[in-house]
Amino acid sequence: MPTLFKTLAELGEKLEATKKRLLMIDLVSSFLQNLEADEIEPAVSMLLGRPFPKWSQRTLEVSWTTLHSVILRITGSDWNSFLKVFNETGDAGSATMAIFEKSKSKKQAVLFEKALTIAEVRRSFEAISETSGHGSRERKERQIAVLLSSASPLEAKYLVKIFIGETRTGFHEGLMEQAVAKAFQIPPELVQKAGMIIGDIGEVASIARTQGREALAHVKFRVFRPVDLMLAQMANDVAEALREHGGVSAFEYKYDGARVQIHKHKDEIKIFSRRLSEATGSLPEVVEEVKANIKAEEVILEGEVVAVDREGHPIPFQHLMRRFRRVHAVEDMAEEVPLKLYLFDILYLNGESLVSQPYTRRRQILAENAGEIPLTAMKTIDNVQEAEAFMKDALDAGHEGLMAKKPDSVYAVGVRGKRWLKIKPVLEPLDLVIVGAEQGYGRRFNWLSDYYLAARDSETGEFLTVGKTFKGLTDAEIIEMTRRLKEITVDEKPRRVNVIPKIVVEVAYNEIQKSPKYRCGMALRFARITRIRDDKTPEQADTIQRVREIYERQFLKKGRYTAG
Ligand code: AMP
């Protein structure tokens, strides 16, 4: 019997209603056991808020504006009910359910005569994702309208959540791994490992059900299916990295670029970004370089692509991102922003998975297969002085810092582990003034938790915004900050206030970028509040001149991007 989408939506409600992890795992595990084999992957994906498996390059490409206009149309526009629930919960799915319920009571069950199945929902998603080209927006709107019109209010809630890609049930991928393990009696480590290799937990569940444990133990990488990446944690300095790694670490330059996963089969090459979306078309010269140098038949490599100036010096990250965004006119950009590729890992070579090999062995295999493509600069070091000198070399060459990799470590994904540590020099913090704030999301929905940070112009006395952050304060501090900001509010818009510049905070950040976003032309990257500086008056805060000075100083080491 095909499973109804309603059953999935009801499960979503139960998950949303509890915080007990074990109960969540039990609920999902019995749900999975009752599915037909071909429903398993779609259901797992949908429960995680994805219309398709993780590795898939298919996307729905439905904007909120489109979704919004369809919802308005088919419910006969009761937008106030939507906003009321949305403002209470911050959840578009629940708000959609509310207006569906209202419109249902008005229109008396003209909607949802036919019960939707999980398979039908997947087919609709496929059809929507395949709709492209001229007039596609109208066609998509029609397809979405047909799908939503056959949904009950509860089903509409979950369809909208999948459209937006956010379930908010608290049931994440790690819990799904455990539910799959439980449902099909497979050890959780095996589920996790297989997931990493084939790139999707839904598919793992489906193999577990149809082919069992043995088959899972032997799954292989599939070229052109991007897989999750190994992540690094922050270390304060090289000494900490050496301690964590038991006295010896492989230090590599940390390049300030974009991570790429390169898949090759014979002459065909595909490049995926860190978010696992395909970037082959944006990086033609990288493709050519791989083609010319990598002789292996089948391989999955990892590296960092760095933007450089005409002399080959690295330039700030933001210019590289333009390359990833601009698929059109790529060749012009290739000339404007040349790229350099550094390889640092190899996951798979000619039918053999290398992820269980230690770092040193993988690095050696990588070197044997890289041709003329440079590997990341690397030195195995066992003392602090030498590591500090290597850090200085990296910074002098305009790079971001160092990565420290544990020499005997396997390639492991999922949790951020201490096997890879990143070490960056800290830029001096700035004391900035809060000039505005916005209410947050989820738990922070009613608090002013997102702050506009400004520096004073010492010439005009004006406060100029240089960044925005919701990071760094505890809940208690945010509640107190909300109270204080309300007292100094001069202008109130929905969910946003402008305040008198009074409160000074110390802010850490990773970089100062050139940016059109703010009037001063600069923006802090990864800003976070490190302290509330009630000991300082706004006049004692840092000036915009100081921010500009730090911005300029970045270029003493780095190259500078010049257009044209
Ligand atoms: P972060 O993005 O701050 O978590 O730092 C990790 C990122 O540093 C990776 O995702 C890579 O994009 C980048 N990276 C730069 N150099 C290296 C390297 N030598 N090894 C691994 N990752 C590197």
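This is a predicted model: local features need pLDDT of at least 70, side-chain atom pairs count only at pLDDT 80 or more; totals for chains, interfaces and linings use all residues.
1. Two elements give two or more residues each to the shell around the ligand, namely strand 2 (249–254) and strand 9 (401–405). Strand 2 gives the most, with 3 residues.

2. **Composition of the shell.** There are 14 residues around the ligand, and those that come nearest are Glu-252, Arg-274, Glu-304, Lys-405 and Lys-422. Sorted by class, the shell has 9 charged, 4 nonpolar and 1 polar residue.

3. **The cavity.** The count of cavities of 30 Å³ or more comes to 1. The volume of the largest cavity is about 60 Å³. Its lining consists of Leu-8, Gly-12, Leu-15, Met-46, Leu-47, Tyr-158, Lys-161, Ile-162, Thr-167 and Thr-169. At least two residues of this lining come from each of helix 1 (5–17), helix 3 (40–47) and helix 9 (153–164). By class, the lining divides into 6 nonpolar, 3 polar and 1 charged residue.

4. **His-245.** Is this histidine buried or exposed? His-245 counts as buried because its relative accessibility is 6%, under the 20% cut-off. His-245 is placed in the loop between helix 14 (238–244) and strand 2. Its side chain makes a polar contact of 2.8 Å with the side chain of Ser-249. The side chain of His-245 also reaches the backbone oxygen of Arg-419, at 3.3 Å. Ser-249 falls within the range of strand 2, which is given as 249–254.

5. **His-263.** A polar atom of the side chain of His-263 lies 2.9 Å from the backbone nitrogen of Phe-224.

6. **Positive phi at Glu-61.** Although Glu-61 is not a glycine, its phi is positive, at about 50°. Glu-61 belongs to the loop between helix 3 and helix 4 (64–75). With a relative accessible area of 61%, Glu-61 is exposed, since the cut-off for that class is over 50%.

7. **Positive phi at Arg-495.** Arg-495, likewise a residue other than glycine, has a positive phi near 65°. Its place is in the loop between strand 14 (489–493) and strand 15 (496–499). The relative accessibility of Arg-495 is 22%, so Arg-495 counts as partly exposed.

8. **Ser-458.** In the loop between strand 12 (448–456) and strand 13 (463–469) lies Ser-458. Ser-458 counts as partly exposed because its relative accessibility is 44%. How far from Ser-458 is the C-alpha atom of Arg-525, and how many residues lie between the two positions along the chain? The two C-alpha atoms are separated by 23 Å, and the residues are 67 apart along the chain.

9. **Glu-285.** Helix 15 (residues 284–293) contains Glu-285. At a relative accessible area of 25%, Glu-285 is partly exposed. Glu-285 and Leu-339 are 54 residues apart in sequence, while their C-alpha atoms are 7.9 Å apart in space.

Methods: Residues are numbered from 1 along each chain as its sequence is written. Side-chain values use heavy atoms; hydrogens and water are left out. A residue is near a molecule or strand if one of its heavy atoms lies within 4 Å of it. Helices (H or I, at least four residues) and strands (E, at least two) are DSSP runs, numbered from the N terminus. Ala, Val, Leu, Ile, Met, Phe, Trp, Tyr, Cys and Pro count as nonpolar, Asp, Glu, Lys and Arg as charged, and the others, Gly among them, as polar. On a 1 Å grid over the protein atoms alone, a cavity is a set of points where a 1.4 Å probe fits but cannot get out, and a pocket is an open set with protein on both sides within 12 Å along at least five of seven lines; lining residues have an atom within 4 Å of a point. Grid points are joined across faces, edges and corners, and a volume is the space filled by probe spheres set on the points. Buried means under 20% relative accessible area, exposed over 50%, partly exposed in between (1.4 Å probe, protein chains only). A polar contact is a pair of N or O atoms within 3.5 Å; within protein, one must be able to donate a hydrogen and the other to accept it, and residues adjacent in sequence count only if both atoms are side-chain atoms.
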